[in-house]
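Reader: Can you walk me through this fold? Keep it quick.

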Amino acid sequence: KEITFKKGAWTLDQDLMIPEGYTLLVHQGTHIDLINSTMIYSFSPIVLLGTETNPIKVFSSDSTGQGITVIQAKRSSLLKYVSFQNLSRPSKGEWELSGAINFYESPVSMYETHFENNIAGDDYVNIIRSEFTMNRISITHSVADALDVDFGQGKIKDSIFMFCGFKDGGGDCLDFSGSLVEIDNIL
């Protein structure tokens with residue numbers, strides 16, 4: 001019940017959908033390039049386990065990659081030592097989400113996870129109706145909102161949010177709606 005990316009450099013040019021009942025596991029040093037408007041869409045938790053010296057990179061070399069979305073995962077996702085760059089929100093025909101990285105009714109913990117330079121979307125990270133913890137994360141150069149939490153509950157500690165809304169001039173670094181969030185040592 002594990003779907004594993006072998007360590008190395010991978011290019012995805014078609015959407016990857018993970019069904020319920022699995023875990024997507026990505027090991028240290030793996031680089032995933034999302035091209036051709038590709039996204040990773042999961043109904044199961046994702047576990048991205050990089051290290052300080054060998055982080056995981058998820059990016060889009062052609063600036064069309066549509067990020068990662070986790071929907072109604074019953075178990076918690078974990079992102080540790082991960083870098084996200086040049087991603088956009090999912091947009092498939094009439095269907096769109098607001099964030100490049102989305103957790104909908106899916107708990108998540110992030111440590112040393114960094115998000116830089118999203119291309120399109122209302123949020124870089126969108127957490128909806130989910131519990132979360134974020135420790136030592138950064139979000140820089142977001143098109144609009146850096147982090148948007150809707151009806152969620154969690155903690156953010158020792159984190160940096162900079163150059164929010166740099167393209168539209170109206171983005172928030174932190175946007176909470178109907179949420180209970182404890183923050184500590186935030187820049």
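Author: Below we go through the strands, the overall dimensions, the aromatic pairs and the backbone.

Reader: What kind of model is this, and how are residues numbered?

Author: This is a predicted model, where local features need pLDDT of at least 70, side-chain atom pairs count only at pLDDT 80 or more, and totals for chains, interfaces and linings use all residues. Residues are numbered from 1 along each chain as its sequence is written, and side-chain values use heavy atoms, with hydrogens and water left out.

Reader: How many helices and strands in the chain?

Author: There are 0 helices and 21 strands. Both are DSSP runs, numbered from the N terminus: helices are H or I with at least four residues, strands are E with at least two.

Reader: What share of the residues is buried?

Author: 47% of the 187 residues. Buried means under 20% relative accessible area, exposed over 50%, partly exposed in between, with a 1.4 Å probe and protein chains only.

Reader: And contacts: what share joins residues at least 24 apart?

Author: 60% of the contacts between residues at least 6 apart in sequence. A contact means heavy atoms within 4.5 Å.

Reader: On to the open sheet. What is the strand order?

Author: The order is E3-E6-E9-E13-E15-E18-E20, 7 strands with parallel pairing. Two strands pair if DSSP finds at least two bridges between them.

Reader: Which strands stand at the edges?

Author: E3 (16–18) and E20 (174–177). Each has a single partner strand, so one side of each is left without a neighbour in the sheet.

Reader: How many bridges between E15 and E18?

Author: 5 bridges, in the parallel sense, between E15 (residues 123–128) and E18 (residues 145–150).

Reader: Switching to aromatics. How many pairs?

Author: A search of the whole structure finds 6. Rings of Phe, Tyr and Trp (its six-membered ring) pair if their centres lie within 6.5 Å; planes under 30 degrees apart are stacked, over 60 edge-to-face, the rest tilted.

Reader: What is the geometry of Tyr41 and Trp95?

Author: Their ring centres are 5.7 Å apart and the planes stand at 75°, so the pair is edge-to-face. Tyr41 is in E6 (residues 40–42) and Trp95 in E12 (residues 95–96), so the pair ties together parts 54 residues apart in sequence. Ring pairs link Tyr41, Phe43 and Trp95 into a cluster.

Reader: Is Tyr41 buried or exposed?

Author: Buried, at 17% relative accessibility. Trp95 is partly exposed, at 31%.

Reader: And Phe84 with Phe115: what sort of pair?

Author: Stacked, because the centres are 5.0 Å apart and the planes at 5°. Phe84 lies in E10 (residues 77–85) and Phe115 in E14 (residues 108–116), so parts 31 residues apart in sequence are tied together. Phe84 and Phe115 are buried.

Reader: Last topic, the backbone. Where is Asn86, and what is its phi?

Author: Asn86 is in the loop between E10 and E11 (91–92). Its phi is near 60°, a positive value in a residue other than glycine. Most residues other than glycine have a negative phi. Phe163 also has a positive phi, about 55°, and is found in E19 (residues 153–164).
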